[in-house]
Every structure is written in C-alpha cells, then in structure tokens.
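The sequence and structure come first.

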Amino acid sequence: MDLKALPKVELHSHLDCCLSYDAVRRIDPTISREHYDRHFVAPPKCASLADYLTYTLNYRNLLQTDRALRIAVQDVFEQMAADGIVYAELRFAPLVHLGGALSGDDVVRCVSDETIRQTEATGIDASLILCTLRDFEAAQSLETARLVKRHAQSGPVAALDIAGDEVAYPLDPHVPAFEYVQEAGLAVTVHAGEAGGPESVWEALDKTATRRIGHGVRSIEDAALLARLKEEQIHLEVCPTCNVQTNAVGVFEDHPVDRLHRSGVRVGISTDTRAVTDVRLTQEYERLRDTFGWTLADFEQVNRNALDAAFAPGFVKRRVAGTIDKAFAQVSL
C-alpha cells in the first residue's frame, strides 16, 4: 500500500508552525540551516508542552507581514500536495501577527486570500480556524471571535479554537468568545486532553459544547469520558508524533490512538506542527501501520471520521468523499 498516495483529510495543522527551511529562508535569508534546525525544530522529546511551545515563538516572529504570511500559506500547500492531502483545516492566531503594520482583519484577509489562491492552484480544499490562546485576556478572545464571525461571511474562515498551555491557564475567561461564535451559528474546537488530563476534556465539552477536541488523547484515562465521547460522537483530532514530543505520551508504542480507535471513539490523524515536529502525515500513517498494524480499512475509517467532523461546506464534503471512495476502492494492501 502506497500510503503517500492515499487521499488524506487533516483537521489539525497550525499554519504558523509549518514553515519549511526554504520558506524561512525566503522570509529571512540570514537564517542558516543550522540555526533553523536548532531553534525552529524541537527535539523529539520535550520536557512538557510549555517547553515545546517555546519553539513556536520563532515562527511567530517571522510572520508579521503580508508577504511572510503568504509564503507560509504557499509553503504548507506545497507540503500538503506532496503528502496526498485532499482537504485540510489550517489554524492560526491572528492576534500574534500584529507586530508590524497589519491589523487583525488584515491578517485574516491575507491568509484567506492566499488560501483561496492555493486551493485553486492545487485542488486541495481548505478551511481556516482562528485561534485564541490560553494566555490571552478575555477581551483578546472576544476580538478573535469577532474576526471569525466577520470573515466567515466571505471566505474560508469556519471556526474558533483555543490553543496553548491548558495546565497553566483555565478555559473560563474564554467561554464568552465561544458563546459568541456559537450564537452566530459557527463552529468551534478546543485543545484539551494533551498537557491537561481528562478533566480538561470534560471542561471543554461542558463549557463550550464543542463537538471536536484537539488531541484529547488523555481521555483514555477516564472510562466515563470514553463512554461520553462515543455516545455523543465527539471527534478527537489526534497528532501522535507531536503528543510524544510534548511528553503527553511517553513513547509512540504507548500512544492511546489505537486503543481509542478500536474502542469506537471517532479519531482522525493529523501532524499538528509539521515543522516544529518535523513530520509529515504520510510518516504518521507509516508509524501507525508499523507500530499498531493499521490496515487500509483503518486509514479509510479515520479519514471518513475526519471528513464527517470537518468544518467544510456540504459541496466540499461531497467532493472529497468522492475522491476517498474512488481511491480506497482501487488500492489494496
């Protein structure tokens, strides 16, 4: 089975953490390959999520202009095209890109416009998720929520997310932002169950009524939570290699993704941060095959799970479903 050729749906990918060295060099030619490898790519095992997050700041510092943001979008589409991705959701926090002359609206317009251009050029359908951050003030989260509502009317923006250190910062100050977006009839997802235990997943489900959880892998520790995830058909956006890197999971062989999948929890597979983690989605598939014996049927199921949970318009879902139907009918192990 040629895993690279399989059509893939990726729901959890941070745009600002996907910059290849070639893209970084285009933005700032003074950055050497050695500097990039040391300061932009995190080690395979970090002490914690907080430790890992320090590497993401280097990308943020570069992405402060319209040109740099467009390069980031172009770069990730090139990577996704080489990875067999047919539908993706790219997430980013607009308010961390205001160090130059851009406003929050400028940032979202720029990324939205370039995403549309790249979809037309590559055929890869995509939606955008705007992130607030755990360490933001409540007002910043509401500002991000308003950006979601304004830009969902005219482009690929589809949802609100919250990222960051879930151990150090509670969800409560950000709940009004989620309520604002949901009252507007728009979607949400929440990072939880990675650095924080299953209690952070309960919190996300109870306080935001989200139908998707970013990561959620520590749900495996709570039988009652697993039952709820299955009963309510909550989708987990699982990023196996990054979960090991952030020390949410000790080693890949112990990752709960296989147990979650076999138990009937709806999971999809993503990379999270292609550059910080130095991973491609095809590599994630290869590791799942080699470690847990995943077959074509498993990969088909997780892609259908992800497409079902996607924040895409109906016509896009139907188009992507047709691609998946055709491809999986033709390939074999």
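## R91 and E237

R91 is buried, at a relative accessible area of 0%, where buried means under 20% relative accessible area, exposed over 50% and partly exposed in between (1.4 Å probe, protein chains only). E237 is also buried, at 1%. The side chains of R91 and E237 form a salt bridge of 3.1 Å, N to O; the term stands for a side-chain nitrogen of Lys or Arg within 4 Å of a carboxyl oxygen of Asp or Glu. Because R91 is in strand β2 and E237 in strand β8 (residues 235-238), the pair ties together parts 146 residues apart in sequence. Helices (H or I, at least four residues) and strands (E, at least two) are DSSP runs, numbered from the N terminus.

## Basis of the values

This is a predicted model, in which local features need pLDDT of at least 70 and side-chain atom pairs count only at pLDDT 80 or more, while totals for chains, interfaces and linings use all residues. Residues are numbered from 1 along each chain as its sequence is written, and side-chain values use heavy atoms, with hydrogens and water left out.

## Other salt bridges

Side chains of opposite charge can pair when their charged atoms come close. The count by the rule above comes to 28 salt bridges. One of them joins the side chains of D83 and R274 at 2.9 Å, N to O. D83 sits in the loop between α4 (66-82) and β2 (85-92) and R274 in helix α12 (residues 274-277), so this pair ties together parts 191 residues apart in sequence. D83 is buried at 3% relative accessibility, and R274 is buried at 0%.

R262 forms a salt bridge with D298, with the closest N and O atoms 2.7 Å apart. This pair links helix α11 (residues 257-263), which holds R262, to helix α14 (residues 296-309), which holds D298, across 36 residues. R262 is partly exposed at 46% relative accessibility, whereas D298 is buried at 8%. Salt bridges with shared partners also join D66, R70, D113, E114 and R117 into one network.

## Helices α6 and α7

Helix α6 (residues 138-152) packs with helix α7 (residues 175-183) at an angle of about 15 degrees, their axes 8 Å apart. Axes are lines fitted to C-alpha atoms, for helices over the stretch in contact, and angles run from 0 to 180 degrees between N-to-C directions. The two helices α6 and α7 are therefore roughly parallel (angles under 35 degrees; over 145 is roughly antiparallel, 65 to 115 roughly perpendicular and the rest oblique).

The contact (heavy atoms within 4.5 Å) is made by S141, L142, A145, R146, V148 and K149 of α6 with P176, A177, Y180 and V181 of α7.
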